[in-house]
Amino acid sequence: HDEHRPNVILMMADDLANEDLSCYGSTRIKTPRIDGLASEGLKLTSYYAGNPVCSPSRMALLSGSYPARLGWRWGVQGYGFAPKTGMSPKVYTIAEAFRDHGYRTAMTGKWHLGDNNMRPEDQGFDSAYYISMSNNQNRDMVRNGELVQKDWDNALLSETFTEEVIRVIGETGDKPFFLYVPWTAPHFPADPHPDWLGKSGEEKNGKYIDTVQELDHRVGQILDALEKAGKADNTIVVFTSDNGRQSGQEGPKDDPPFSGMKWHSKEGGTRVPCIVRWPGHIEPGRVSGEMFAAIDWYPTLAYLCGVKYELPEGAQQIDGLNLRGPLLDLKHGRAR
């Protein structure tokens, strides 16, 4: 029955590292709402993004496949990778799988996986409100393929995307929702909302800290909207990042737990925060060192939501694993 199938909100920050969240040990940046999400759910400490840079990392998350298998080995759309223009239309995305099994699907944020026939509305999303590339590359806001705003204000993007998420949460109907939220924050240029500018009080990369702390607030607004709509208990919330931090955003009191950053194949490039909450199913306050990767979300979420998909002829190979055990702690018999 659809009313019993969980909703999904899959959030992915842009260039956010472990050392950016206080629940992962940051001493400079305060992230109370994301910390709260961790205390209500599961914090993964050996989670790996799909790639140390954004386009292929997003591809891994949405396809469940290694980006190199899809012909994408390095660079991002619009920079450093001329031969490929995006994610192949042949990929049967996680959004398509959920849509084809009774979910309404939506995305808002940064796409960065192609134009023409490779846009989100061509890849399984019923509604899409997004910028097509990074916030330093493109100034157009698009809704369902139609240009709706030229020259948006970078400082207002997190607020704008949050408003769209809250709109989707508030929609009524019998179908559960699958909502993908690829934030543009805190990707450079770090540009916090006017209400957050200067709040950190730090001189060295203060704008970056303000941007992360604003993002934390926006995540909190979404969690509050879920609560208000009566949907919190029946929603799987995932918060993660696409890769490690961009060089130049670090500060004097940082103590990165891993070497390397964005663009690096070291741990700091791909080992990123990941938190998942599902009340009544995932025991709160757990921390797990079980290895989990971005490619595992496709088969794992599909299983948890009863989405029994079959890949069409010519689609990608799913490399990810259904890791419901580490999430639900099944081996210890504590799943509820």
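Two strands pair if DSSP finds at least two bridges between them. Helices (H or I, at least four residues) and strands (E, at least two) are themselves DSSP runs, numbered from the N terminus. The structure on display is a predicted model, in which local features need pLDDT of at least 70, side-chain atom pairs count only at pLDDT 80 or more, and totals for chains, interfaces and linings use all residues. Residues are numbered from 1 along each chain as its sequence is written, and side-chain values use heavy atoms, with hydrogens and water left out.

**First stop: the strands**

Please select strand E5 (residues 127-131) together with E6; two bridges join these strands, which run antiparallel.

Which residue of E7 is the bridge partner of Val142? The partner is Leu147. The hairpin of E6 and E7 has two residues between the strands, and Asn144 takes a positive phi near 50 degrees there.

**Second stop: a salt bridge across the hairpin strands**

Show the side chains of Asp140 and Lys150, which meet in a salt bridge (3.3 Å, N to O). The pair links distant parts of the chain: Asp140 belongs to strand E6 (residues 140-143) and Lys150 to strand E7 (residues 146-150), ten residues apart. The term salt bridge denotes a side-chain nitrogen of Lys or Arg within 4 Å of a carboxyl oxygen of Asp or Glu.

Is Lys150 buried or exposed? With a relative accessibility of 53%, Lys150 counts as exposed, whereas Asp140 is partly exposed at 23%. Here buried means under 20% relative accessible area, exposed over 50%, and partly exposed in between (1.4 Å probe, protein chains only).

Next, select Asp329 and Arg286, whose side chains form a salt bridge (3.7 Å, N to O). Asp329 lies in the segment after helix H8 (324-328) and Arg286 in strand E11 (residues 286-288), so the pair ties together parts that are 43 residues apart in sequence. Asp329 is buried, with a relative accessible area of 2%, and Arg286 is buried as well, at 10%.

Then turn to Arg119 and Glu121, whose side chains meet in a salt bridge (3.4 Å, N to O). Arg119 is partly exposed, with a relative accessible area of 26%. A search of the whole structure finds 16 salt bridges.
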